[in-house]
Amino acid sequence: MIIDLPSTTTAQVNSKLVEVRETGGAVALGRVLTLVIVTDDSAKTEEAIQAANEASREHPCRVIVLARGARKAAARLDAQIRVGGDAGASDVIVLRLYGQLADQAASCVVPLLLPDAPVVAWWPSEAPDVPSEDSIGQLATRRITDSAAEKNPIKALEQRRKSYSDGDSDLAWTRLTNWRAQLAAALDLPPHEKVTAANVVGEADSPSSELLAGWFASRLNVPVGRAKATSGEGIVQVTLQRRSGAVDLVRPDAKTGTLTQPGQPDRRIALQRRSVRDCLAEELRRLDPDEIYKDALMAVPKVTKGRVAAPAAAKPAAKAKAPAKPKAAEPAAEAPAAEAKPKRAASKKATAKADS
């Protein structure tokens, strides 16, 4: 059920919500949080609402959508209430703000927040430079952005690093969950050797590739390289160098990956690119700061652009040569000496005879 309230106020929206609950009983009461979606009024607004509706089936919540319209228009608030089948396991309140109200979103949100429930803010596309200092971000215990949806994803990721505050998160990081799980599981298999170098190959504007390389740099303390892929989407290849050989996970088609490692048969792994709905649902499972994401984000500058070669293995020491055996004396060399003795004896006899 969808109820339109053109040119309304937040007080009238609240009254209508109470009326709907009392007459139809369609509004869920066991809601665990308030999800505030901040976006511009466009076709992408419905995509964000759909993702929130699907995620709410796992996390029943109140969804408040702030769709900012034209700033030059007269100040006006158009509201829409969605309940029942049009709202998943939540109630959805869409607030379209025009004119000066577009810059006063927080004042429109506060009267509609659920009492004693945490607030999560989500920017599906363009996010403020410092989410924690934004008027909506200050109301939230968790702030979700998506650097991959920005005009310049790599620049946006760098801005997220500079402005990071506890409670910030990025769907570009959430998309790495399956990659991290598969690679960690591969290292649990024999041979249990230390990783000596890591390389991540992905699209030039893939923030997930940057964060995965940062995760390796923060956890493995080894040289990490980040190279640009010539084909494929998102992350294309990850290589972890070890003494016995490389652990190689390749996903050329953004759907299925092939894991290769010494002493193990090749394995095909489902690695489809995750939907926004799945990533959002995962983010809503925890509302505390994500320390692992923070470490990976801060370690991105440590990553070397381009592939990094594994350290060369130490060469075995050369074997010492055995000392040369002395050559046997030639019998011909001793013969003259043996003959010299009788000659000396003969000369002595001649001398003695002359003296006598």
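The structure holds one cavity of 30 Å³ or more, a cavity being a set of points on a 1 Å grid over the protein atoms alone where a 1.4 Å probe fits but cannot get out. This is a predicted model, in which local features need pLDDT of at least 70, side-chain atom pairs count only at pLDDT 80 or more, and totals for chains, interfaces and linings use all residues. Residues are numbered from 1 along each chain as its sequence is written, and side-chain values use heavy atoms, with hydrogens and water left out.

Select P131, R143, T145, R160, D168, S169 and Y293, which line the largest cavity; lining residues have an atom within 4 Å of a point. The space inside is about 40 Å³, a volume filled by probe spheres set on the points. Strands β7 (142-145) and β8 (168-170) each supply at least two lining residues; strands are DSSP runs of E, at least two residues, and helices runs of H or I, at least four.

Next, select helix α2 (residues 43-56), whose end C-alpha atoms are 21 Å apart. Its buried residues (under 20% relative accessible area, 1.4 Å probe, protein chains only) include T45, A48, I49 and N53. Among the elements covering the buried residues of α2 are β2, β3 (61-68) and α8 (276-283).

Finally, move to T34 in strand β2 (residues 33-40). T34 counts as buried because its relative accessibility is 0%. A polar atom of the T34 side chain lies 3.3 Å from the backbone nitrogen of L114. Not counting residues up to four places away in sequence, T34 touches R62, I64, L113, L114, P118, V119 and V120, with contact meaning heavy atoms within 4.5 Å.

Note on methods. Buried < 20%, exposed > 50% of the residue type's maximum accessible area, 1.4 Å probe, protein only. Polar contact = N/O pair within 3.5 Å; in protein donor to acceptor, adjacent residues only side chain to side chain. Expected span 1.5 Å × (residues − 1). 1 Å grid on protein atoms, 1.4 Å probe; cavity = no way out; pocket = protein on both sides within 12 Å on 5 of 7 lines; lining within 4 Å.
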